[in-house]
Amino acid sequence: MATCKILVADDNQQIRLLVSAALRSLGHEILQAVDGETALETAIAEHPDLVLLDVTMPKLDGFEVLSFLRKRPETESVKVIMLTTAAQKTDLKHGADLGCDDYITKPFEPKVLREVVERVLAG
Ligand SMILES: [Mg+2]
């Protein structure tokens with residue numbers, strides 16, 4: 001698979017670093033955002049191929065970011081994977097309605113993360 005640009009948006013530094021390292025090992029270029037506002041700004045400025053979007057983040061939550069991404073012509077077709085917790089399972093339909101491509105439930109194995117990312121990038 002060719003190198004893709006992937007934005008990792010999560011306010012938890014540990015998760016950000018774990019996800020970034022796992023995806024860098026596949027040869028992808030990684031950008032990071034620590035809150036929803038930065039995630040949106042970075043997605044608009046950098047045109048990533050894929051955004052990994054934590055649901056619970058300061059400033060804008062993941063669903064708000066997803067909704068904005070889908071409304072803007074420069075980001076409407078970017079692929080999005082939501083990072084959720086088991087407690088947020090009931091929110092998944094909301095994410096699907098807003099147009100996310102897939103989701104990963106935390107905590108997750110790096111192997112599962114890489115599989116979902118490769119599947120979404122290939123699809
Ligand atoms: Mg969070």
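This is a short tour of a predicted model, moving from the sheet to the helices and then to a few loop residues.

**The sheet**

Start by selecting the five strands. They form an open sheet in the order E2-E1-E3-E4-E5, and the pairing is parallel. At the edges are E2 (29–33) and E5 (102–106), each of which pairs on one side only. From one strand to the next the twist averages 20°.

Now select E1 (5–9). Four of the five residues of E1 are buried, so E1 is largely enclosed by the rest of the structure.

Next, select residues 50–54, strand E3, together with residues 79–85, strand E4. These two also pair in the parallel sense, over five bridges. Here Val 51 stands opposite Val 80 in E4.

**Val 80**

Stay on Val 80, which belongs to strand E4. Is this residue buried or exposed? Val 80 is buried, because 26 other C-beta atoms lie within 10 Å and the cut-off for a buried residue is 20 or more. Leaving aside residues up to four places away in sequence, Val 80 touches Val 51, Leu 53, Leu 66, Leu 69, Cys 100 and Asp 101. For a distance to check in the viewer, take the C-alpha atoms of Val 80 and Asp 49: they are separated by 8.8 Å, with the two residues 31 apart along the chain.

**Helices H2 and H3**

Select residues 36–46 to show helix H2. The buried residues of H2 are Gly 36, Thr 38, Ala 39, Leu 40 and Ala 43. What do they pack against? The buried residues of H2 pack against E1, E2, E3 and H3.

Within H2, pick out Leu 40. Leu 40 is buried, with 24 other C-beta atoms within 10 Å. Its contacts, not counting residues up to four places away in sequence, are Leu 60, Val 65 and Phe 68. The C-alpha atoms of Leu 40 and Asp 54 are separated by 12 Å, and the residues are 14 apart along the chain.

How do H2 and H3 pack? The angle is about 25°, and the axes are 9 Å apart. H2 is therefore roughly parallel to H3. Their crossing is right-handed. To display the contact, select Gly 36, Ala 39, Leu 40 and Ala 43 of H2 with Gly 62, Glu 64, Val 65, Phe 68 and Leu 69 of H3. By class, the residues in the contact of H2 with H3 are six nonpolar, two polar and one charged.

Keep H3 (residues 62–71) on screen and bring back the sheet. H3 packs on the sheet and touches E3 and E4, and the direction of H3 makes about 150° with that of E3.

**Helices H1 and H5**

Select residues 13–24 for H1 and residues 110–122 for H5. They pack at an angle of about 60°, with axes 10 Å apart. H1 and H5 are therefore oblique to each other. The crossing of H1 and H5 is right-handed. On the H1 side the contact uses Val 19, Ala 22 and Leu 23, which meet Pro 110, Leu 113, Arg 114 and Val 117 in H5. This contact has six nonpolar residues, no polar ones and one charged.

**Loop residues**

- Select Pro 107, in the loop between E5 and H5. A cis peptide bond joins Lys 106 to Pro 107, with omega about 0°. Most peptide bonds are trans.
- Select His 47, which follows H2 and is found in the loop between H2 and E3. Phi of His 47 is near 50°, positive in a residue other than glycine. His 47 is exposed, with 12 other C-beta atoms within 10 Å.
- Select Lys 59, in the loop between E3 and H3. Phi of Lys 59 is positive, near 75°, again in a residue other than glycine. Lys 59 is partly exposed, with 14 other C-beta atoms within 10 Å.

Methods: Residues are numbered from 1 along each chain as its sequence is written. This is a predicted model: local features need pLDDT of at least 70, side-chain atom pairs count only at pLDDT 80 or more; totals for chains, interfaces and linings use all residues. Axes are lines fitted to C-alpha atoms, for helices over the stretch in contact, and angles run from 0 to 180 degrees between N-to-C directions. Angles under 35 degrees count as roughly parallel, over 145 as roughly antiparallel, 65 to 115 as roughly perpendicular and the rest as oblique. A crossing is left-handed if the near helix is turned anticlockwise from the far one by less than a right angle, and right-handed if clockwise. Two residues are in contact if their C-beta atoms, placed from the backbone, lie within 7 Å. Ala, Val, Leu, Ile, Met, Phe, Trp, Tyr, Cys and Pro count as nonpolar, Asp, Glu, Lys and Arg as charged, and the others, Gly among them, as polar. Two strands pair if DSSP finds at least two bridges between them.
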